[in-house]
Amino acid sequence: MPFNVLVVISRALLAPLLLAALLTGPSPAASATTADPGWTAPLSTRGRYIVDADGRRFKLRSGNWHGASGTWTGSGDPADNSNHHAGENSGRIPLGLDRAPLPAIVAGFQELGLNSVRLPFSGEMVHDAQPVTDAAVAANPQLRGLTPLQVYDRVVGALTGAGLAVILNNHTNTTRWCCAVDGNERWNTSRTVQQWEDDWLFMVRRYRADPRVAGADLYNEVRRTVLDDPNWGWGDARDWFAASQRLGDRILAEANPDLLVIVEGINWTGIPVDGFAHERPTLRPARTLSHTLVRSGKLVYSAHFYDYTGPNHSGATGVGETSDPRYRDLSPAELATVVNRDALFVAGEPGQHFTAPVWISEFGVDGNAAAGSEQREWFENFVNLLGGADADFAYWPVVGWGRGVNGWGLLFFDSAGRRSGLLDEADWRSAAWQRLVGTPGREGYVAPVPGRSMLSPDHGDFVASLRMRGQADWDRGARKAACPDGARLIGLSHTGNRGLCADGGAGWDAYQVVTDERYVSRDWASGYTKLQCPGTSLLIGYAVRGAAVSSALCGTALPARGDTGRTVWFDRGDNRPAGGPGGDFASGHYKGQCGDDEYAAGIAFTRRIGTSGTPDALFCRHLP
């Protein structure tokens, strides 16, 4: 759920529990994957689309099944339902297991037309050795005596066994309702970065044998604490870009190379008081600084939208409320402009360094909203927007206790286990929901598309090549950057140390580090120092010391070449193919770039007085 800033709730101190306690008892049941789902795991990406292992479009038509990340509001006795959000006490596990059998809930998801489930969990859940109460699993006696994690195991197995894809979502650090100034604002509040990463590696490895566990949604609604904001690329302890980049790489390199890695944009920065700067950046920062993971075709971006929040509105009423418009205050055209600017541009602009699928992993509306209300109008407009954009989505929440308790759910189960909601009674959301799940979009086989990705050794090494990560330090003391395996370097910035990679032409079988002019075939940059790859090699990376070029990394991948090529100067302005394919990979800096049918074979620079030894020119050659 969205962040309502300045709702400050004191949090309980949690006693550390041993992870080993969780490893007793049954392990996840990978054998539960028995149903034929009509898709083949694992999932990956091609341009803006998610595809299955056969290359067929797999549009995430998802729902959020919340509860394992907590429903307790942070004060009062957790055993008292009134101290839980909307009076719904999940018992530290997915909501509704006290009221309906697990298979019945899963069947309801399928009836709704869902093909996937976002399954939130808390960092605390991973370590929680206290068994769930019998009351919390009253409708599922087979779950009695299990820890929350073990119940989560059974839920995952039931979902994937029914053919649904599961996206693991680290929703909170502590097991409590999200989202406020509550100790869960960032991945490293209430726990260390090391604990966050270790918990994720544990979870990914735990479900690796189940191929329908398809993705890792790294953290939910990164936002401001009382004192400071998260950022995207500053290189400090609040840098969400750097933290998600590092964890995404670790998951793919150390735990499961097949998972989708899902990164949500920044949910909130600033102080929500008129006259002070405040906003919801969402995915806008990715336009100039995007992730490049060690395995291509695994990155998905995500964003959240609710009627009562806004691009500069926290969602609060009273304390923390500003005069900024909420999303429901916007006209359909204004809403489309804002949502595209802040999120959907990532999927809507092909061929850019940031191009990736965008999953609207939370949106929803109160089913009790009155006829003619702004909430109803917003939901209709937003559903139409999602359908028109052919966007992947996840409704929040699917399961609830009853319309009289909390009207947001799509499936309600009362204390007697009777189901109601979208499938069983008149609901004003039904027509819009059917449009959404039934909207024609891209289907069938999606052909591979050449991709571009950026290198950003702004604050340290940015080696996106798994092969090079396995090699010795090839330029000790320098900041190193390398393209993903299978990609080649095609662009550099004059200052700022940024690079641009392109897929193809780089199936190299050996590498060489060049620090002098021994391979220069002709004087293609007179008066400048030239680092040129041997005739059978192309640039796959580089290293810098401060701002200055230190070395060129070359991969042997081509037949022998002569001295043909052209010089691309960019020391006094941009020099790129028309339209700047790949996007602005070094905002505010001059950039040079080879053509789509070329590769970079050399870097030229000078250390004359008044210069910094930064890249001034590229030597570009045609691909064979």
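The following conversation asks how some descriptions of this predicted model are reached.

Tutor: Residues are numbered from 1 along each chain as its sequence is written. In this predicted model local features need pLDDT of at least 70 and side-chain atom pairs pLDDT 80 or more, while totals for chains, interfaces and linings use all residues.

Student: What makes the radius of gyration of the protein agree with that of a compact globule?

Tutor: The radius is taken over C-alpha atoms, and the globule rule is 2.2 Å times the number of residues to the power 0.38. For 624 residues a compact globule would have a value near 25 Å, and the protein has 26 Å, so the two agree. The C-alpha trace spans about 85 × 55 × 50 Å along its principal axes.

Student: How many of the residues count as buried, and what does that word require?

Tutor: Buried means under 20% relative accessible area, with a 1.4 Å probe and protein chains only, and 58% of the 624 residues count as buried.

Student: Why are β17 and β21 said to stand at the edges of their sheet?

Tutor: Strands are DSSP runs of E with at least two residues, numbered from the N terminus, and two strands pair if DSSP finds at least two bridges between them. The open sheet has the order β17-β18-β23-β24-β21, with mixed pairing. Because β17 (462–463) and β21 (510–514) each have a single partner strand, one side of each is left without a neighbour in the sheet.

Student: How do you know that β17 pairs with β18?

Tutor: Two bridges join β17 to β18 (residues 479–482), and the strands run parallel; F462, for instance, has A481 in β18 as its bridge partner.

Technical notes
Side-chain values use heavy atoms; hydrogens and water are left out. Buried means under 20% relative accessible area, exposed over 50%, partly exposed in between (1.4 Å probe, protein chains only). Helices (H or I, at least four residues) and strands (E, at least two) are DSSP runs, numbered from the N terminus.
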